[in-house]
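Walk through this structure one place at a time. Keep the chain in view as you read.

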Amino acid sequence: FFGSHESFVPFGPGFFRQPTPSLCECERMGEPPVIPGFRHVPKTGVIYVMDEAAKLGYTSGSTEWANLGQGSPETGSIDPKGPMLTRIPVNPATSHYGSVQGTAALRQAVAELYNGMYRQGKSSQYTAANVCICPGGRAALTRLVASMSPVNIGHFIPDYTAYEELLTIFRAFNPIPILCEAENNFRISVRDLRREIVGRGLSAVLLSNPCNPTGALVEGEELAQWVRMARECRCSFIIDEIYSHYIYSYNRSAGSTVWKTVSAAQFVQDVDSDPVIILDGLTKSWRVPGLRCCWVVAPRAVIEAITSSGTFLDGGTNHATQEAVLSMVNREYVVRSTEALQKHFTAKREYILERLSAMGLSPPIPPAGTFYVWANLQELPPPLNDSDVFFRECLKEKVITVPGHFFDVNPGSRRTKSRFTNFVRLSFGPEMEVLRRGLDGIERVLRKHSVANGAGNTEQSSPNQSNGSSGAVHIEEPPIRPSKL
């Protein structure tokens, strides 16, 4: 069945028994043996592909490989005049435990940032009591779901791979999938979303905006209607806005200083009663993922709950880091860095879309946000149109991609077939040199397959490309899907 190395024994519709693998079975599957009291814990899709690449020799910083799989932005300078964090001072004060909720100074800085960016002139303003600092985005999400009551929680498909296990491990609530169809550009209308919330009795909805992996973006009046819906239906919207500065839904001319960010905070009426919970942080938009510093902006009741959860889940964010990043969390810094970021990443977005279009791998829609392309493999000849085969063939050319089925968020593996086996996520987060090297590698994969099928012209390679192997090329049939259990 989709999503598992392990065998399921069906007893009837909806009833499956998952046997505990024996020691011999674990050895056969290449897995470590089961230790009494512990289960096999799955890897997210990105970690899986990185591990598979590492088995073939990939290391971070390699000049031979192109990592278009991991969701990490380039971390070097893209603005010669812009400040960068280069050191984190440690002193006796920051060597003590910090508050589980985060330092008062950083929480106040985040609140003032949101008020200055999105809530000028509004009577209801965020305060430090509306902010919780967390050691990374996944830690923030873990605190949130650990604090939820037994309710129906909706989640979109496709969406961020880590949501799957997150919605599986905490069994206090019932995850309900909300399908976003390719024919609708992986979007859902306000009317259809309201129908899902009311009809399925959803008390919460979890989503990323902009969406990882599709790049779909909810903004403007549409986002205002979503916030209004949350308020009217009394349904908590947990909005992962970690890519909120990677926005391309406006015309940007060369040399322009125009910039744009998107947040549901703009449309909240009352910061303490509107059920809108926002997650963001330094990981993506500030381009310092290694610092593991994110935040939740929400009504005070939610902040109190997730602070309590943090006392037994993670204990809080690194104290010295919180002190060091204070100078980066203000409107002036964000405006300057966002201008540089959007100019730089817009150029990379245009480059990857142009290259993929020439290869016949255009996405259903160009990404309006994030730094991902949700490329469609459907027009490629089989078996290369299967994302797992495509992934394996790209590894042979030292290029890392993420098969689409990992974004088919499937808590508890209740569904046995994925709708996204013909999609692959490609990242234009890394440096242009790495991006160019990765796209050259993908071109070699397509050319080798063309040669193997007696078509194409190997003389059309770009100067940056190697000739690859000649003659017949063996391409494996689609394998069993990697384990997501």
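The model shown here is predicted. Asn 185 sits in a loop, with strand E6 (174-179) on one side and helix H6 (190-199) on the other. Its backbone deserves a look. Phi of Asn 185 is positive, about 55 degrees, although the residue is not a glycine. Most residues other than glycine have a negative phi.

Where does Thr 370 lie? Thr 370 is in the loop between H10 and strand E11 (372-376). Phi of Thr 370 is also a positive value in a residue other than glycine, near 70 degrees. Is Thr 370 buried or exposed? Thr 370 counts as buried, because its relative accessibility is 0% and the cut-off for buried is under 20%.

H10 covers residues 331-359, which makes 29 residues. From its first C-alpha to its last, H10 reaches 41 Å. That is close to the 42 Å expected at 1.5 Å a residue. Both ends of H10 can be described. After the helix comes Gly 360. Phi of Gly 360 is positive, near 80 degrees.

Now turn to the peptide bonds. Most peptide bonds are trans. One joins Ile 157 and Pro 158, with omega at about 5 degrees. Pro 158 belongs to the loop between strand E5 (152-157) and helix H5 (163-169). Another cis bond joins Asn 209 and Pro 210, with omega at about 0 degrees. Pro 210 is found in the loop between E7 and H7.

How many cavities of 30 Å³ or more does a search of the whole structure find? The search finds four. The largest cavity holds about 170 Å³ of space. It is lined by 16 residues. The closest to its centre are Phe 186, Cys 211, Ala 216, Val 218 and Trp 226. Strand E7 (202-208) and helix H7 (220-233) are the elements that give two or more residues to this lining.

Next, look at helix H2 (residues 45-55), where Glu 52 lies. Glu 52 counts as buried, because its relative accessibility is 11%, with the cut-off at under 20%. What does Glu 52 contact beyond its neighbours within four places in sequence? Glu 52 is in contact with Phe 391, Arg 392 and Leu 395.

Finish with the protein chain as a whole. The chain has twelve helices and 14 strands. It contains 485 residues, and buried residues make up 54% of them. Take the contacts with a separation of 6 or more: residues 24 or more positions apart account for 74% of these. The chain exposes about 21,400 Å². Carbon and sulfur atoms supply 52% of that area.

Definitions and conventions:
Residues numbered from 1 in each chain as written. Predicted model: local features only at pLDDT ≥ 70, side-chain atom pairs only at ≥ 80, totals over all residues. Heavy atoms only, no water. Helix = DSSP H or I, 4+ residues; strand = E, 2+ residues; numbered from the N terminus. Expected span 1.5 Å × (residues − 1). Buried < 20%, exposed > 50% of the residue type's maximum accessible area, 1.4 Å probe, protein only. Contact = heavy atoms within 4.5 Å. Areas by Shrake-Rupley, 256 points an atom, 1.4 Å probe, with all protein chains shown as cover. 1 Å grid on protein atoms, 1.4 Å probe; cavity = no way out; pocket = protein on both sides within 12 Å on 5 of 7 lines; lining within 4 Å. Points joined across faces, edges and corners; volume = space filled by probe spheres on them.
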